[in-house]
Amino acid sequence: MKRILPLLIVSFFTICQQANAQFETIKDSVVQLYGVVMTADSLQGIPSVSVTIKGGRRGTITNEQGVFSIVVLKGDKIEFTSIGYKPKLVEIPRNMEGNQFSIVQLMVVDTQYLPATIIRPRPTREQFERDFVNTQVPDDDLEIARKNTDEQTRRALMNILPADGKEAANYALRKQAQRYSYTGTTPPINLMNPMAWAEFIRAWKRGDFKSKK
């Protein structure tokens with residue numbers, strides 16, 4: 001036990017020294033990056049430019065004057081992106097001295113050339129009215145949903161689509177329950193039921209009783 005105690009003390013101080021050295025290494029690699037992002041042609045500050053660490057999850061944006069500040073590590077790659085400008089990538093030097101680094105980043109306008117569009121008027125008013133009336137406007141999502149849930153469409157699909165297992169089982173169970181409910185008695189006749197007559201008339205108008213060829 002007397003021999004183990006000095007070894008534990010030496011190990012404890014060794015671990016502390018290694019942790020302290022590692023902390024000093026990490027502390028030395030931290031850099032306070034600050035600067036300004038400007039246009040390359042007029043040297044005007046660009047607001048709301050995204051300043052992010054490439055491959056990381058940290059970042060910031062420039063203020064109204066294009067000024068920014070962010071904590072990075074030596075060797076990090078900083079990406080500058082903004083709508084309408086070409087992205088820029090800057091790497092923090094690994095062998096820099098100190099823990100502060102300033103930059104003036106210039107960004108070039110990203111010009112997009114679209115193909116020319118020539119607008120010609122209709123020769124006559126009559127031709128314009130004819131083309132305007134005959135123009136096919138595509139249906140929106142609401143109109144497509146309305147057509148898909150139309151009563152005639154649903155009835156047509158009901159006649160051609162086979163019933164799945166759940167529907168067939170429910171139909172068989174309903175028939176069986178109805179048969180058991182009238183066991184030993186005579187089922188009622190709906191000749192005097194106005195609701196049954198109304199459903200019969202609607203089915204007749206729909207053509208449910210027409211022979212299918």
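Figure 1. Of the 213 residues of the protein chain, 15% are buried (under 20% relative accessible area, with exposed over 50% and partly exposed in between; 1.4 Å probe, protein chains only). The chain exposes about 18300 Å², and carbon and sulfur atoms supply 59% of that area (Shrake-Rupley method, 1.4 Å probe; for residues, only the protein chains shown count as cover). Residues are numbered from 1 along each chain as its sequence is written. Because the model is predicted, local features need pLDDT of at least 70 and side-chain atom pairs count only at pLDDT 80 or more, whereas totals for chains, interfaces and linings use all residues; side-chain values use heavy atoms, without hydrogens and water.

**Figure 2. The open sheet E4-E1-E7.** Three strands (DSSP runs of E, at least two residues, numbered from the N terminus) make up this sheet, with mixed pairing (two strands pair if DSSP finds at least two bridges between them). Strands E4 (67–73) and E7 (100–107) are at the edges with a single partner strand each, so one side of each has no neighbour in the sheet. Strand E1 (residues 30–39) runs parallel to E7 and is joined to E7 by eight bridges. Gln 32 has Gln 100 as its bridge partner in E7.

Figure 3. Val 90 is buried, at a relative accessible area of 17%. Beyond its neighbours within four places in sequence, Val 90 contacts Asp 76, Lys 77, Ile 78, Phe 80, Ile 103 and Gln 105 (heavy atoms within 4.5 Å). Gly 75 is 15 residues from Val 90 in sequence and 9.8 Å away in space, C-alpha to C-alpha.

Definitions and conventions. Helix = DSSP H or I, 4+ residues; strand = E, 2+ residues; numbered from the N terminus.
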